[in-house]
Amino acid sequence: MRRLPILALSSALVLLAPLPLRAQQLILSDPPDPVVANLVGRLDLERYKATIKELTRFGDRRQGTKRNRDAVDWIEAQLKSYGCTPTERIVYEWHPEPPRARIVIGPNQAVGGGTLRGPRRSTRPNLDSLKQTDLRLRALNAEPTVPGERQQVYCTKVGTEHPEEMYIVGAHMDGIGWGEAANDDGSGTALVMELARVFSSPDVRTARSIRFILWNNEESGLDGAVAYVKQRAGLQGKESPAGSGRYPEPRWLGMIQHDMMMFDHGMPRADSSLSKEQRPEADVNIEFQSKSKMAEESQKLAWLFARANERYARDYPATVGPHMTNTDSDPFKDLVPAISLRENERGAQIGAGWDPQWHQPTDLYVTYSDKDFRLGLNAAQTTLGAIAELAGATMGK
Ligand SMILES: [Zn+2]
């Protein structure tokens, strides 16, 4: 007697559960598809650097300021110029919440899991405008944040065979620290914009859809990504208007976040100093969260990205780790496969002070060398290769 309702309930749950990535989608083409290598070849170091440089014109792009809104407008105009149209915006309200009680973790525990090792530096964000010694930049970053309406922009490459399914490729465009937020996260924002440019080329088609999104309010606590999930999770896969073949919110197949892509100079020394040079063994850190509901599928996605790195990235390898945390893929991690790409592990490495520019006035375009920019470009090659394979990219008129 009890069986029927239980069966009914479990089949209802199956229907509501997120669509798992199908096995064949998580295998790279064999032999390698020359179309994907061709697309990856359309990425270029000088273009990537130029996009980061342009973003630094808006200072630290702190959320809730004119410089942040101007940056959103500029990003949108760029996406349009690439042919990634129409562009759309998520509108939400942001008001600061009272500070949350800090989660107490053990002395050697890293946020997100993992263990802190070796010498550490302070990682406190800079809150003092006077620490910016460049007076032009100090003035540019002077306006304080005010609560209220916020906007963030995205555009979508619509799939020709499966417009109802999409991958989300994201980075946050806001920053803090009274610098230029060149690395955190101009480097991720430029990466996503460059991918939007390549995939929007009129000779490129994809079987599945890809959404390129530049989150706002990451630095205030992932609020832009949280607003997106809240507003749009329930719209997934619905055709609107009915019969139109249009899907305003295609079903999410995976979320790939890019946050701090360039600086991997190794561990701080005992005196807190760091190597001036990118370490030769620098890597792209691909992280998933082993404690999330989608851990198993997210791990598969992470390994696919590692294989795509071996195939498509020119200079730097990738490393997979299980401690994704504190970035815009967090609000997605229990709903769909979610990973982040970074210069270092967020918890055990950045959390131990491996990036001395992090949220500091020194996060400037001029701080970085081509070896740093090239690590970001290698992450772009990795994601472009993986997404071109997953979304089924083809070329031709
Ligand atoms: Zn960041």
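Colleague: In which strand is R211 found?

Modeller: In this predicted model, R211 is found in strand β5, which covers residues 208–215.

Colleague: Why is R211 called buried?

Modeller: Its relative accessibility is 2%. Buried means under 20%, so R211 counts as buried.

Colleague: What makes the link between R211 and T156 a polar contact?

Modeller: The side chains of R211 and T156 are joined at 2.9 Å. The limit for a pair of N or O atoms is 3.5 Å, so this pair counts as a polar contact.

Colleague: Which residues does R232 contact, leaving aside its neighbours within four places in sequence?

Modeller: R232 is in contact with I90, Y154, R211, P248, E249 and W252. The place of R232 is in helix α7, residues 223–232.

Colleague: Why does R232 count as buried?

Modeller: R232 has 12% relative accessibility. The cut-off is under 20%, so R232 counts as buried.

Colleague: Why is α4 called roughly parallel to α6?

Modeller: The axes of helix α4 (residues 66–81) and helix α6 (residues 182–199) cross at roughly 25 degrees and come within 9 Å. Angles under 35 degrees count as roughly parallel, so α4 is roughly parallel to α6.

Colleague: Which residues meet where α4 contacts α6, and how do they divide into nonpolar, polar and charged?

Modeller: From α4, W74, I75, Q78 and L79 meet T189, M193 and A196 of α6. The residues of this contact divide into five nonpolar, two polar and no charged.

Colleague: Is the crossing of α4 and α6 left-handed or right-handed?

Modeller: α4 passes α6 in a right-handed crossing.

Terms used
Residues numbered from 1 in each chain as written. Predicted model: local features only at pLDDT ≥ 70, side-chain atom pairs only at ≥ 80, totals over all residues. Heavy atoms only, no water. Helix = DSSP H or I, 4+ residues; strand = E, 2+ residues; numbered from the N terminus. Buried < 20%, exposed > 50% of the residue type's maximum accessible area, 1.4 Å probe, protein only. Polar contact = N/O pair within 3.5 Å; in protein donor to acceptor, adjacent residues only side chain to side chain. Axes fitted to C-alpha atoms, helices over the stretch in contact; angles between N-to-C directions. Parallel < 35°, antiparallel > 145°, perpendicular 65-115°, else oblique. Left-handed = near helix turned anticlockwise from the far one by under 90°. Contact = heavy atoms within 4.5 Å. Nonpolar A, V, L, I, M, F, W, Y, C, P; charged D, E, K, R; others polar.
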